[in-house]
Amino acid sequence: MSILKSFIVFEGLDGAGTTTQARNLARYYEFNSRAYFATAEPTSNPIGKLVREVLQKKVTTTPEALAYLYAADRSDHLYNPTYGIARILQEGRVVISDRYFYSSLAYQGVECDIDLVRTINAFPHPEALIFIDTPVEDCLERIERRGEEKELFDRENFLRAVRNNYLEELKRLPDEVNVLVVDGRKSIEETESEIRRFLSSISL
Ligand code: TYD
């Protein structure tokens, strides 16, 4: 079982607050002059751009092909010789990612065969996984308030299935992964300090 040390991943449903918490953690490291790199999936690299075009319905494909695209984007994100996370970690920086392969298990797991999704996502686990567990109703409300154009995944039943998949995957994690499940209904500040306490308890 391989673990990427100093790699921190945020996961949750759309609207759960992963982007805000990942950004605030990056700010905290910045403030403390800690060497870090903040990133997200889908990435803004060429394969990630193609993924977004599928989400925006500019490009049509099958759920399986989309699953492969997410996995390809992730492989590039990890191992690209120029900007890959593996290299950045080797340089001694902490890497924070807003989403990782657990998103594929949870989201693509709804429409594709889960064994296929697992097989194409046999990537190393991060040292720390923070799951922001926000009820589907609250996520939908936040998405609506943002006035975001509804992408493929902003549907209630779909999000319920995604949440169940996340909870299922959390049970299957190897012991070496440090996991924090935070209640996403708490205030941004409360969640933020809970995350910091958790990370400092594992020296991150
Ligand atoms: P998201 O983090 O919401 O991007 P943004 O903040 O730019 O809106 O990711 C876009 C969508 O992609 C989101 O609905 C979750 C989904 N997704 C998957 O289905 N599988 C994956 O592997 C990843 C990384 C994301």
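Leaving aside neighbours within four places in sequence, Phe10 is in contact (heavy atoms within 4.5 Å) with residues that include Thr18, Leu25, Ile96, Arg99, Ile130 and Ile195. This is a predicted model: local features need pLDDT of at least 70, side-chain atom pairs count only at pLDDT 80 or more, and totals for chains, interfaces and linings use all residues. Residues are numbered from 1 along each chain as its sequence is written, and side-chain values use heavy atoms, without hydrogens and water.

Phe10 also belongs to the largest nonpolar core, which has 52 residues. Such a core is a set of buried Ala, Val, Leu, Ile, Met, Phe, Trp, Tyr and Cys residues joined through side-chain atoms within 4.5 Å. Buried means under 20% relative accessible area, and exposed means over 50%, with a 1.4 Å probe and protein chains only. Ile8, Phe10, Tyr100, Tyr102, Ile130 and Leu199 touch the most other members. A second, separate core of 6 residues includes Leu55 and Tyr70.

Tyr102 has a polar partner too. Its side chain makes a polar contact with the side chain of His125, at 2.7 Å. His125 lies in strand β4. At 11% relative accessibility, His125 counts as buried.

Now helix α8. Its buried residues are Phe158, Leu159, Val162, Tyr166 and Glu169. They cover an arc of only 95° around the axis, so they sit on the same side of α8. The face turned away from that buried side carries exposed Asn157 and Lys171.

| Element | Residues |
|---|---|
| β1 | 3-12 |
| α5 | 101-111 |
| α6 | 114-120 |
| α7 | 136-146 |

Strand β4 is another packing partner of α8.

Methods:
Helices (H or I, at least four residues) and strands (E, at least two) are DSSP runs, numbered from the N terminus. A polar contact is a pair of N or O atoms within 3.5 Å; within protein, one must be able to donate a hydrogen and the other to accept it, and residues adjacent in sequence count only if both atoms are side-chain atoms. The arc is that of the directions from the helix axis to the C-beta atoms.
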